[in-house]
Amino acid sequence: MHEMALMGEVIDIIKEDAASKRIIKIDMVELLVGEISNAMPDALKMAFEVYKEQNAYFFEKNARIFIQIEKALAECILCSKSYVPDNNRISFCPVCGLPSGKIISGESFQILSYEGSGDADESNVAHRCADQ
Ligand SMILES: [Zn+2]
C-alpha cells in the first residue's frame, strides 16, 4: 500500500523539521487528507502505528495521529458552478452536462501540525507547518 511510502515521507519531513527546532519526541501529528487524494485515512493510521514502533526513540509511546478530511469540490470552467464531483476525476457539470469541471478541493495531502517535546526546559513545543 502506498500509504506506507507517504507516511514515511511525512515522518522524514517531521524528523528534519523537529531536529532544527530541538524537538526530540513527537506526541501528535495532524494531517490534512483530501477525499480524492488517493490516500486512505485508515491505511495512513495503520502506517503511522508501524513507523511509531520502528522509531520508538522518536515517538512518545501514546503518540497519536489526527487526520482531517478535506471535502472534494469541483468547479465548472464554463459556468463556474461548484459541485461535489463523482469519485472519479472526470467531473461532469450538473448544469452544462459536460466534463468541464476542474477539481478545486479534495486533493490535498499535507502536514498541518505536529507536537512534541524537546529538552527538559522547553516541554511542550507545538509547531505548525505552513508550507506544502
Ligand atoms: Zn457548467
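Read along the sequence, the protein chain runs α-β-α-β-β-β-β-β-β. That pattern amounts to two helices and seven strands. Please bear in mind that this is a predicted model.

Let me turn to the chain as a whole. It has 132 residues, of which 23% count as buried. If we take the contacts between residues at least 6 apart in sequence, 64% of them join residues at least 24 apart.

I come now to the interior. In soluble globular proteins, nonpolar side chains tend to be buried together. Here, the largest nonpolar core contains 20 residues, and those with the most contacts inside it are Met7, Val10, Ile14, Ile26, Val29, Leu31 and Leu44. Which elements each supply at least two residues of this core? They are helices α1 (2-20) and α2 (41-54), together with strands β1 (25-34), β2 (59-70) and β6 (109-117). The largest share, six residues, is contributed by α1.

Leu31 deserves a moment of attention. Setting aside neighbours within four places in sequence, Leu31 is in contact with Val10, Leu44, Ile65, Ile67, Gln68, Gln110, Ile111 and Leu112.

Is Asp27 buried or partly exposed? Asp27 counts as partly exposed, because it has 16 C-beta neighbours inside 10 Å, whereas a buried residue requires 20 or more. Beyond its neighbours within four places in sequence, Asp27 is in contact with Glu60, Ala63, Glu115, Gly116 and Ser117. As for Glu115, it stands 88 residues from Asp27 along the chain, yet the C-alpha atoms of the two are separated by 5.8 Å.

Methods. Residues are numbered from 1 along each chain as its sequence is written. This is a predicted model: local features need pLDDT of at least 70, side-chain atom pairs count only at pLDDT 80 or more; totals for chains, interfaces and linings use all residues. Helices (H or I, at least four residues) and strands (E, at least two) are DSSP runs, numbered from the N terminus. A residue is buried if 20 or more other C-beta atoms lie within 10 Å of its own, exposed if 12 or fewer, and partly exposed in between; C-beta atoms are placed from the backbone. Two residues are in contact if their C-beta atoms, placed from the backbone, lie within 7 Å. A nonpolar core is a set of buried Ala, Val, Leu, Ile, Met, Phe, Trp, Tyr and Cys residues joined through C-beta atoms within 7 Å.
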